[in-house]
Amino acid sequence: MNFRRLVKLAAVAVGLAAAALSTFVAIGLPGGKTGGAVQVVNAPAEMVARGKYLAEAADCAACHSAPAGAPFAGGLAMQSGFGTIYATNITPDPDNGIGRWSADDFWRALHDGIRRDGQPLYPAMPYTSYRGMVRADADAIYAYVMQLRPMEVANHRTQLDFPYDIRLGMIGWNLLFLTDSVPAASTGSSAAWQRGRYLANVLGHCGECHTPRGMLGQMELSEPLTGFALGRVAAPDITPAGLASRGWTAESLRTYLGRGIAGPDSAFSDMHQVIVLSTRNLTAEDNDALVTFLLGDKPPPAAPLPPADPAVLEAAASGAGRGDYVALCAGCHGLEGNGVPNTVVALRNNSTLRLADPRNLLVAMLDGIGPENFPHRASLQAMPGFANKLSDQQAAGLANYLRVIWGGQKPDVTAAAVRALR
Ligand code: HEC
Ligand code: HEC
Ligand code: HEC
């Protein structure tokens, strides 16, 4: 971190501390409690089933389960620019989980980002999106998690850098950034659009990855869903204009969110998880509503692949990129980039190749993609990583070749861009 950024952050920290202190003085700390009776929740089966559906739509398990751990028992380490935050155990274990939490305590965590002991949560828990949840839905999720098997799994301590390790600073952060509703990235008014807005902005918290973040980790709500790279793989622009510019239609989006693969587009990295754990469980009606919201009531027409300049095409076809494609990739993705139905995604007209930012294409090539596990797959096929087989120069040449012939993009990837992602 360079010095100027450090000074800026320090100034912001002092500001946050002052904001926190003033709230502290003005309204006192939100009341908190520890200990107390273990809650016994006897909700009707229908409410528990609805809670399960909503918990899936809200993808609670994605964060509240460690890679090899029990669902909802916590432990997933989330890296932020400010240190590591661990998702907690939310099974009804009285001492490690939320077994003593009432429905009101639970609501306060989802709606206000405040723990039962009165301490603020970090926004790695997306209460910034869940704030829009209706109380009946939060209560149904509560009824569902409270009948899970209690897991005796201790929570990890968060490890944040100063000044972010001061939880109270989050009171200031909430004053600055916690809003009652996240703005819509599309326009519409139909019932499906309204439902879709709730599914995307509140339950599905799509913006937590797809909306750019500011210096203090807040979502830049003036640019909802315009895309952001929190990790190595960027969450692309999924506004109506962004989606249409890469060829997405309502039909392909419905298939993608329901199955993880749609024609020339498959999900990988974090999005694969989102689909497996969350969106593929949506009812057909909710899937349709989500897509109606993404594209708006009047979807823009999907842009066809723009014709490339013949001179650029010829240069691409005779460069080293073509040779590397044939040697390393064509065996699976096909000489003409058409892939293998239900097994290997097509690269011709692939939305990852059509992204202006080459990062996702480069990361897929360098890291490979782990074995996927969609029910529709004929076989479980993984994609190997090519980090050791391709030099920076070769990887850039191959990326440029693919972007030009099947992505309608410019051959502007440099060896330095590849090196930065290794
Ligand atoms: C993107 C990751 C993520 C998702 C999705 C998520 N959580 Fe969390 N949650 C966290 C993290 C991280 C914490 C701990 C934050 C901290 O230490 O301040 C947390 C804390 C909590 C807490 C406070 C528990 C305690 O012991 O302090 C509750 C309750 C909770 N989450 C419930 C839920 C529910 C219910 C859902 C789904 C509706 C959900 N979370 C979805 C990341 C997530
Ligand atoms: C945990 C972070 C995360 C969340 C939450 C998330 N996404 Fe994504 N999304 C990604 C990443 C990373 C990619 C890029 C990888 C890929 O294309 O498979 C992506 C890709 C996509 C794509 C494909 C874009 C393209 O042109 O290839 C669509 C569509 C999409 N997301 C929609 C959604 C919707 C709708 C939601 C909410 C229900 C959502 N995402 C929630 C991280 C996320
Ligand atoms: C052994 C077979 C195999 C080889 C060899 C292979 N791939 Fe893949 N590739 C796959 C599979 C399978 C997927 C789809 C994974 C999924 O469903 O998420 C994939 C996905 C991709 C994606 C993501 C596409 C999307 O829809 O977002 C890109 C980009 C990609 N491959 C590029 C390449 C390049 C470039 C090469 C050569 C350097 C290559 N692949 C070699 C099997 C292969």
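A: Start with helix 4 and helix 6 (residues 135–145): their axes come within 10 Å and cross at roughly 115°. Axes here are lines fitted to C-alpha atoms, for helices over the stretch in contact, and angles run from 0 to 180 degrees between N-to-C directions. Helices (H or I, at least four residues) and strands (E, at least two) are DSSP runs, numbered from the N terminus.

This is a predicted model, in which local features need pLDDT of at least 70, side-chain atom pairs count only at pLDDT 80 or more, and totals for chains, interfaces and linings use all residues. Residues are numbered from 1 along each chain as its sequence is written, while chains are lettered from A and ligands numbered from 1 in the order in which they are written.

The crossing of helix 4 and helix 6 is right-handed. A crossing is right-handed if the near helix is turned clockwise from the far one by less than a right angle, and left-handed if anticlockwise. From helix 4, Ala103, Phe106, Trp107 and Leu110 take part; they meet Arg135, Ala138, Asp139 and Tyr142 of helix 6. Contact means C-beta atoms, placed from the backbone, within 7 Å. By class, this contact has six nonpolar, no polar and two charged residues. Ala, Val, Leu, Ile, Met, Phe, Trp, Tyr, Cys and Pro count as nonpolar, Asp, Glu, Lys and Arg as charged, and the others, Gly among them, as polar.

Helix 3 gives the most, with four residues. In total, 24 residues surround ligand 1, and the closest are Ala58, Cys60, Cys63, Tyr122 and Met125. A residue counts as near if its C-beta atom, placed from the backbone, lies within 6 Å of the molecule. The shell has 19 nonpolar, three polar and two charged residues.

Next comes ligand 2. It is surrounded by 27 residues, with Gly204, Cys206, Cys209, Met271 and Ser351 the closest. Two or more residues come from each of several elements, including helix 9 and helix 12. Helix 12 provides the largest share, four residues. The classes here are 15 nonpolar, eight polar and four charged.

Ser269 sits in helix 12 (residues 269–277). Ser269 has a positive phi of about 55°, although it is not a glycine. Most residues other than glycine have a negative phi. Ser269 counts as partly exposed because it has 18 C-beta neighbours inside 10 Å. The cut-offs are 20 or more other C-beta atoms within 10 Å for buried, 12 or fewer for exposed, and partly exposed in between, with C-beta atoms placed from the backbone.

The contact is made by Leu361, Leu362, Met365 and Leu366 of helix 17 and Ala395, Ala399 and Leu402 of helix 18. Its residues are seven nonpolar, no polar and no charged.

Notes: Two residues are in contact if their C-beta atoms, placed from the backbone, lie within 7 Å.
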